[in-house]
Amino acid sequence: MGAKSALEYPMDMAVVPDLRRFAGLAEVASAFLGAIVAGLLLMAPLDLAWSDDGGPLELDMLVLNMPRAAAAGAIFAVVAAALAVALGRRAAWLMSLGSATILLADHLWNLNSSFTGTLITVNYIDSIFGGLLLGTLGVAVCGRRITSTAFLVGALGAILFGDLTSLPESGGEPTFTEWLSVGTPPVWLLLIAVVALAAGVSVQRPADDAETETADLPIAPILAALVLVMATALSTEWFVRGPGTVPNIVLAAAVTLVAALLAALLLPGRDGRYVLLAVAVTNSGSAIFTVPRPDWSALMQIGGVLLGFYLGRRGFSPWPAFAGTGLLALFAALTADHAHSDAVIPIVGITALGLLMGYAFAGPAPVAPTSMVVALSALVVPCLVIALRGSSFGRIAYSPRWYRDPTGAVSATPGWTALAISLGCAAGLLLLYRLRPAGIQSAKRAFTHSSASS
């Protein structure tokens, strides 16, 4: 008998072993690229070139609906993560690939055809499916340190980049980062992410579902996300409709802190610390002034995320992170009068924010993978400090086109408010640690690992 060709062997003998040799690389690449796409879509979810087809009224309606679209994306992220936990890791990979494919098809359709939909509809599609991608991918990478690191670094870097990019000046030549923001994310990046996710799906084993799937849909993280996201969205919308008086600020800040603490208590063990850290980071980060600054400073913010994550992996404690958020809020308050006249101030602010974001999310893996998704969702929902920054426009925005306005009025109030929220979140963590001793956290993690391996 002659030798058999490779095509005559079963698929699992001829092809799969070759693919499995690159399984780790495929998962890391797909986690990183998928997280970048999801983060950009949730923070800058629209190609601004399309606004020429919508008209001033539709663009104004788009700005008004941006916070609600972000809130919808955040909730869908947590719901999708909970569903992925119930279905198993392999199903989570498949759901991630499906979400990215729909996003690619949507962007290709809008790129190659006349604009027939509304800006608001496109915005909601990008936000919701971006949230689905973020949530399912967060579950798909759980339990694997290198892959989860790639996912978190990609998500945090994309969220920071999308949040801190300003619009090009009218009539001027856009800088490199501004050019990227106008078409965020570019179609070519979506295409690469889909290919990477397809490779990530192809190296998964059917046995992965048997190891990770559960019979029950986890409800606690969904409730935590609903409490946190809805309270934040409703309180900030209420705030911008009324006068920015001290009692209104105090009331809105109290709602934010109570919602953050309730969400933290709904999560298992001490997982809620990431929610409290995220609320403190997003408010302090929204208080800093980020323009004007040179184009090369984008490397500083991404480098800050990488350095912060590295430091957090070497030795993590939430207390230095809370100290950092308080100092960043204090820095924003004290430099408010000079923020638009000294380019050093924005560079220092964005670098410190990147460092804090990386460090705050680099701690030990949570008991439940959905807990990290809940914390990430807190970063994308417009917070109280954003409402303070945009209250002069009567909307939850940095400017009429939702980016930070280089010529906007300056005030120290957002910085002092962010400092109060950071202190409140730190107090909430003390209460959480008192109610949830460290032994409970260790026991829950040990039970989770033993159940997954049995």
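This is a predicted model: local features need pLDDT of at least 70, side-chain atom pairs count only at pLDDT 80 or more; totals for chains, interfaces and linings use all residues.
User: What about the cysteines themselves, say cysteine 425: buried or exposed?
Analyst: Cysteine 425 has a relative accessible area of 1%, so it counts as buried, the cut-off being under 20%. Cysteine 142 has 23% relative accessibility, and that makes it partly exposed.

User: Switching to rings. How many aromatic pairs are there?
Analyst: The count comes to four aromatic pairs. One of them is tyrosine 274 with phenylalanine 316, a stacked pair with 6.3 Å centre to centre and 25° between the planes.

User: Where do those two sit in the chain?
Analyst: Tyrosine 274 is in helix H13, residues 272–287. Phenylalanine 316 is in the loop between helix H14 and helix H15. They're 42 residues apart, so this pair links distant parts of the chain. Both tyrosine 274 and phenylalanine 316 are buried.

User: Which residues do ring pairs link into a cluster?
Analyst: Tyr274, Phe316 and Tyr359.

User: And how is tryptophan 319 paired with tyrosine 433?
Analyst: That pair is edge-to-face, with 6.2 Å centre to centre and 80° between the planes. Tryptophan 319 lies in helix H15 and tyrosine 433 in helix H19, so the pair ties together parts that are 114 residues apart in sequence.

User: Why does tyrosine 433 count as buried?
Analyst: Because its relative accessible area is 19%, and buried means under 20%. Tryptophan 319, at 34%, is partly exposed.

User: What sits over the ring of tyrosine 433?
Analyst: The charged end of arginine 270, and it's 3.8 Å from the centre of the ring.

User: New topic: helix H7. How many residues does it have?
Analyst: Helix H7 has 19 residues, 145–163. From first C-alpha to last it reaches 27 Å, close to the 27 Å expected. H7 is mostly covered, with 16 of its 19 residues buried.

User: Last one, how many cavities of 30 Å³ or more are there?
Analyst: There are two cavities of that size.

Definitions and conventions:
Residues are numbered from 1 along each chain as its sequence is written. Side-chain values use heavy atoms; hydrogens and water are left out. Rings of Phe, Tyr and Trp (its six-membered ring) pair if their centres lie within 6.5 Å; planes under 30 degrees apart count as stacked, over 60 as edge-to-face and the rest as tilted. Helices (H or I, at least four residues) and strands (E, at least two) are DSSP runs, numbered from the N terminus. Buried means under 20% relative accessible area, exposed over 50%, partly exposed in between (1.4 Å probe, protein chains only). A charge sits over a ring if NZ of Lys or CZ of Arg is within 6 Å of the ring centre and within 35 degrees of the ring normal. The expected span of a helix is 1.5 Å times one less than its number of residues. On a 1 Å grid over the protein atoms alone, a cavity is a set of points where a 1.4 Å probe fits but cannot get out, and a pocket is an open set with protein on both sides within 12 Å along at least five of seven lines; lining residues have an atom within 4 Å of a point. Grid points are joined across faces, edges and corners, and a volume is the space filled by probe spheres set on the points.
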